[in-house]
Amino acid sequence: MQPAAAPTHPHPWRAFAAIGVAIFLTVLDLFIVNVALPEVAGDFDGASLGQLSWVLTGYAIVFAAGLVPAGKFGDLYGRRRFFLGGLAVFLLGSALAALSTSLPLLLVGRAIQAVGAAVMTPNSLGLVLPLFAPQRRPGVIAAWGALAGLGGAAGPPLGGLLAQVDWRLIFVVNL
């Protein structure tokens, strides 16, 4: 058995933790809004369930559609640059969603969030993996996936708790 190669970065888990928080939040935002729709509806009188469902669906569609191109652009033009740009866009969308005064503005904020999340997600793994020795990468991928899964699982209960105070907090939590 060969000894494990040394990591290619002096503190790879520290970098992983920073990037992992972002991945947790991108998946959390797929599910955190689900249980808060009744509270959101209360602030936007006259919005139908169909219109409100775009708060959820819009994020999912834009997020899914952006993953592959964002990964490719990160490969071509720099994963770190794209990850940090995606983080800025995600935070901007979160702030806009939290401050929205109308349903269309909330939908725009969610779409902006989703673009940022789609840019961060593939580039996060591309940034993290080279920091670790090849023998450690399966565990890193597992930890990355676990954080994403934890974000999905935490979304509904956290969304429910925050929405009891103010539904806007489900977006403020990202900031």
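The model is predicted: local features need pLDDT of at least 70, side-chain atom pairs count only at pLDDT 80 or more, and totals for chains, interfaces and linings use all residues. Residues are numbered from 1 along each chain as its sequence is written, and side-chain values use heavy atoms, leaving out hydrogens and water.

**Asp29**
- Asp29 sits in helix 1 (residues 12-31); helices are DSSP runs of H or I with at least four residues, strands are runs of E with at least two, and both are numbered from the N terminus.
- Leaving aside residues up to four places away in sequence, Asp29 touches Tyr59, Phe90, Arg110, Gln113, Phe171 and Asn174, where contact means heavy atoms within 4.5 Å.
- Between the side chains of Asp29 and Gln113 there is a polar contact of 2.6 Å; such a contact is a pair of N or O atoms within 3.5 Å, and within protein one must be able to donate a hydrogen and the other to accept it, while residues adjacent in sequence count only if both atoms are side-chain atoms.

**Whole chain**
- The chain has 7 helices and 0 strands.
- Of its 175 residues, 39% count as buried.
- Contacts between residues 24 or more positions apart make up 80% of those with a separation of 6 or more.
- Along the principal axes, the C-alpha atoms fill a box of roughly 65 × 30 × 20 Å.

**Helix 3**
- Leu76 belongs to helix 3 (residues 49-77).

Note on methods. Buried means under 20% relative accessible area, exposed over 50%, partly exposed in between (1.4 Å probe, protein chains only).
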